Every structure is written in structure tokens, then in C-alpha cells.
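Please have the sequence and the model open while reading.

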Amino acid sequence: MSLLEMKNIVKCFGPVKALDGVSINLEKGEILSLCGENGSGKSTLVKVLCGIYPHGEFEGTISYNGEKIQPKSIADTEALGIAIIHQELTLVKELSILENLFLGAELTKYGLLDFELMHYEAELLLKKVKLSVSPETKVEDLGVGQQQLVEIAKALSKNAKLLVLDEPTAPLTESETDILLDLVKDLRTSGVSCIYISHKLGEVKAISDQICVIRDGKHIGTRKAADMSTDDIITMMVGREMKQLFPRETHDIGEVVLEAKKINAWDKANSSIPKVRNASFTLRRGEILGVSGLVGAGRTELMECLYGCYQGKHNGTFYLEGEVLNCSSSRDALNAGIAMVPEDRKRHGIVPIMAVGQNISLAGIDQFQSLGFLDESAEANAISDSINKLTVKTPNAETAIKNLSGGNQQKAILARFLMINPSVLILDEPTRGIDVGAKYEIYKLMFQLVKKGISIIMISSELPEVLGISDRVLVMHEGRIKGDLINENLSQEIVMDCALSEGEIA
Ligand SMILES: Nc1ncnc2c1ncn2[C@@H]1O[C@H](COP(=O)(O)OP(=O)(O)OP(=O)(O)O)[C@@H](O)[C@H]1O
Ligand SMILES: [Mg+2]
């Protein structure tokens with residue numbers, strides 16, 4: 001008997017059919033991955049399972065341990081041992097790990113909170129997820145990877161038998177990812193099943209027993225992971241064979257347009273901790289400069305200094321076209337022709353309740369205004385142009401952006417900054433959470449831009465992407481620029497070695 005059976009699930013949002021008859025089957029102690037392009041329906045399927053879309057709001061049936069279930073809320077499914085960890089983390093940052101773990105389920109003795117017992121239980125849980133920090137640590141002091149582990153510990157505290165992970169590794173470093181994947185495998189050995197959603201197909205293949213592919217809300221197929229190559233998964237996802245992941249195109253590289261000299265930056269909260277140390281680099285016209293390094297290497301901080309939005313103490317000089325550039329806000333930077341697409345789209349990117357279209361035209365709205373009047377039809381045309389060019393999957397431009405799938409939100413933010421025709425475009429992890437097909441589109445677009453003479457700085461933690469797209473690669477480590485390498489015959493090993501080498505380029 002299967003642990004879980006979802007049959008012919010159909011879920012509509014108004015005219016959008018997010019799921020169109022999807023069925024999955026999961027055995028005890030099995031890991032099933034869901035793969036599919038952005039907006040294909042993966043998150044929707046697990047939200048149906050977890051009672052976020054309650055019984056009655058979708059068609060089809062769910063059986064758990066052989067019995068039909070009709071959950072009305074997430075509490076109902078939690079009681080059954082089904083726990084979901086969302087694409088966006090939901091811990092309360094201001095509270096400690098312990099407080100988060102027992103939030104709403106505090107342990108008591110004689111009607112009083114029993115802190116000793118909670119501390120003891122919390123330690124056990126943290127041990128299970130191999131997190132060696134004190135339960136009293138505030139969540140905001142943890143890295144994203146560690147927070148993810150706390151989320152899992154919380155699920156385990158509720159005795160989860162089925163763990164649903166929606167893109168858990170998107171913001172994680174490689175070593176954090178390894179810890180998480182090992183944990184999921186350990187849990188499998190102890191009989192916990194898992195539904196796993198990720199765009200990182202190598203990871204999916206390594207961890208799964210079964211892989212289910214969804215396209216446009218339809219079930220394309222479920223097969224044993226051992227019988228599938230990543231190419232097979234991609235072909236099923238996009239409906240055609242993708243011969244090439246990185247559409248590198250030749251283009252001309254011109255003179256130096258931007259120069260950074262001896263940039264230093266210190267931690268926002270603690271100005272005695274250096275984040276960027278003596279970093280100097282150049283950027284040429286029409287060049288794609290990849291910035292590689294582990295999370296915490298100082299890449300985002302360095303670029304925020306350039307973009308005028310770094311909150312902490314910093315010094316050093318930037319030159320644009322030979323002139324000293326002094327941006328004290330991102331408005332200044334945009335006016336100077338520098339745009340930056342942020343890494344954390346939820347915090348710095350989208351305005352959730354605003355329409356997709358408004359989100360796109362937000363930064364470039366000036367170009368549609370003259371004498372205080374807004375040329376609405378020009379704006380609408382530009383918006384629909386952007387939506388088409390970037391293949392943003394949305395019912396229309398008026399839909400609230402929060403209703404789009406994660407990857408499509410990312411594309412909309414990218415569209416926003418392209419609309420202002422920057423001369424320097426900084427992209428911080430531009431393809432995080434984006435499916436292979438859309439990644440390809442984004443790379444194509446990057447090449448179109450550099451051919452027009454725009455220069456691009458791309459921060460990316462994915463080495464294959466850095467090597468597949470960049471003309472030159474800066475390697476950062478612990479705030480220092482350790483390498484400035486022309487991307488010819490570069491390999492992942494060379495870049496990694498460079499990051500960990502002793503030297504530093506002046
Ligand atoms: N609350 C909502 N209101 C309206 N439409 C929605 C809502 N939630 C999802 N959709 C639509 O349903 C479809 C499936 O979205 P879903 O979030 O399940 O995609 P996904 O496969 O998880 O994508 P991603 O990989 O980008 O996270 C998309 O077209 C999305 O725009
Ligand atoms: Mg999703």
C-alpha cells in the first residue's frame with residue numbers, strides 16, 4: 001500500500017488551469033522529485049496536498065495510508081504527519097530557535113512553560129538535523145542554510161512522516177546543500193518519505209527514487225530516477241531536446257567603461273568586520289564579467305557599493321567612463337545608467353500586491369512621462385513587449401505579481417531593469433530558481449544586450465553558469481579578489497583553486 005496517492009488533481013485559479021489531472025504515488029521511505037518549468041504547477045500540487053488549498057477548492061482525490069483524506073487546513077495535514085517547507089522560509093527571525101520550534105506548541109508542566117524540557121527537546125532535534133548551535137540562538141543570526149535545517153527540525157518535532165521540500169536548496173551554498181541532502185537521505189532510512197522540488201537537476205537525480213515531470217499543469221510522466229539522465233528530464237520538462245544549455249555567442253568587447261579602485265566595505269551591523277578588502281577591477285564595454293565565489297565572499301557587498309545601496313561603512317573609488325562615480329543611492333546609480341537586479345527578490349525586488357505590469361515599469365516609468373502626463377499606452381506596449389520577450393508566464397499584465405510562480409517573478413524583475421536601458425547591468429544570481437528553458441532565454445537575452453554595447457556583471461554561485469556565459473571571471477574569497485581570469489580553457493577546478501589560493505591580485 002502506498003503512503004500517498006494523489007489522483008487526477010485539477011486546480012484552477014480563475015481562468016488559469018494550474019493543474020490539469022496530475023497523479024502521483026509515493027511509498028513509505030521514498031523520495032519523489034517534482035520537476036517542471038517555472039509555472040508548471042509544482043508548488044500548487046504540494047499546496048493542494050498540504051491543505052493550503054483546502055478540500056473543495058480542487059478536483060481529484062488524496063489517499064494517505066490507504067484512506068481518503070479531505071484536509072481543510074495545514075493544521076489538518078500536520079496532524080497526519082505531513083509537513084511542508086516552503087519556497088520562502090517562514091521562521092520568525094526575531095525569535096530564538098527554541099521559540100520557533102515550539103511556537104504554538106509550547107511544552108508545559110502544571111500549566112507553566114517548561115523551558116528545561118523544551119531546551120532538552122530542542123537540543124535533540126538540532127542534533128537530528130546536525131546543527132551544532134545553541135537552541136537559544138536567534139534565527140536572524142543564522143545563515144539561510146541553517147534556517148532551513150531549523151525548519152526541518154520543526155517538521156520533525158511534529159513527527160512528520162512525509163516531508164515536502166519546495167526548492168530548499170535554491171539559496172544554499174554547496175556545502176549547505178550537501179548537509180541538507182544527506183539529512184533527507186538519513187530521514188529516508190528512518191522511514192520518512194519526501195517530496196522534493198528543485199530546479200537543480202543534478203541534485204534531483206542524485207537524491208530521488210522517482211522523478212515526476214509536470215508541464216503546463218499536466219502529468220508528463222513518472223519514472224525511476226536511476227533510469228533517467230538529466231538530459232531525459234530536461235527533454236520531458238520542455239517538450240523538446242535541448243542540445244545546449246549555454247548559448248554562448250561571439251561579440252565584440254570594447255574599452256574599459258567602469259573601474260573600481262581599492263574598494264573596502266565593512267559589515268553593516270559591526271563595522272570592525274571587513275566584508276570587501278581592497279578590491280579593484282575593470283569592466284569593458286560589451287563584456288560579461290562573471291563574479292564567482294562562495295556565499296559570503298563579499299560579491300554582493302562589492303556590487304552594492306557600486307550601486308550606491310550598501311548600508312555599511314565603505315570606501316574606495318569607482319570610475320564610469322573615466323569620471324569619478326559617486327552614487328549614494330540606487331536612484332543615483334540608475335540615473336548614471338547602472339542597474340542592479342537584486343538577489344533577494346522578496347526583500348528588495350517585487351512589490352507583491354502590485355500588478356505584474358506595474359512591477360515591470362516601476363524603475364523606467366520616467367520614460368513614459370512628459371510634462372506630468374503618463375503615456376499609458378506607450379507604457380502598456382513596453383510592458384507587454386517585456387512580458388513576451390522574457391516569456392513571463394502570467395494571465396495578463398494586471399495580475400498581482402504575488403500570484404506568479406517564483407521563477408516568473410524573477411523574470412519580471414529582470415524585465416524591470418532592462419526597461420531602463422542601462423549601460424552597466426549588475427545581475428545578482430539572475431537564474432536562481434529559474435528553470436532550464438527560461439535560463440536559456442535569459443542567457444540569450446544577455447548576449448543580445450552585450451551585442452548592443454551594454455556591459456554585464458553577473459554574480460553567480462553556479463560555476464557551470466559562470467564558465468558557460470562569462471567573458472572574464474573574477475574570483476572572490478573572504479572579501480578579496482583572488483583571481484581575474486579570461487574565460488578560455490577555464491575549468492571549475494581552476495576557479496576553485498584560485499579562490500582558495502594564498503595570493504591576492506592587487
Ligand atoms: N494564488 C494564485 N493565483 C493565481 N494564479 C496562481 C496562483 N498560484 C499559482 N498560480 C498560477 O499557477 C501556475 C502554477 O504555479 P506554481 O507556483 O505551482 O508553479 P511552479 O511549478 O511551482 O513554478 P516555479 O518553478 O517558478 O516555482 C502558474 O501559472 C501561476 O501563475
Ligand atoms: Mg514553485
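What covers the buried residues of helix 13? The cover includes helix 12 (356–361), strand 20 (373–374) and helix 14 (406–418). This is a predicted model, in which local features need pLDDT of at least 70 and side-chain atom pairs count only at pLDDT 80 or more, while totals for chains, interfaces and linings use all residues. Residues are numbered from 1 along each chain as its sequence is written, chains are lettered from A and ligands numbered from 1 in the order in which they are written, and side-chain values use heavy atoms, with hydrogens and water left out.

**Helix 13**

- Helix 13 spans residues 376–389; helices are DSSP runs of H or I with at least four residues, strands are runs of E with at least two, and both are numbered from the N terminus.
- Glu379, Ala382, Ile383, Ser386 and Ile387 are the buried residues of helix 13 (under 20% relative accessible area, 1.4 Å probe, protein chains only).
- Down the axis of helix 13 these residues fall within an arc of 135°, so they line one face of the helix (the arc is taken from the directions from the axis to the C-beta atoms).
- Asn381, Asn388 and Lys389, on the other side of helix 13, are exposed (over 50%).
- Thr391 follows helix 13 and has a positive phi, near 45°.

**Ligand 1**

- The side chain of Lys42 has an N or O atom 2.7 Å from an oxygen atom of ligand 1.
- For the side chain of Ser405, the corresponding distance to an oxygen atom of ligand 1 is 2.8 Å.
- Taken alone, ligand 1 exposes 640 Å², and the protein buries 88% of that (Shrake-Rupley method, 1.4 Å probe).
- Helix 1 gives the most to the shell around ligand 1, with 3 residues.

Definitions and conventions:
Expected span 1.5 Å × (residues − 1). Contact = heavy atoms within 4.5 Å. Polar contact = N/O pair within 3.5 Å; in protein donor to acceptor, adjacent residues only side chain to side chain.
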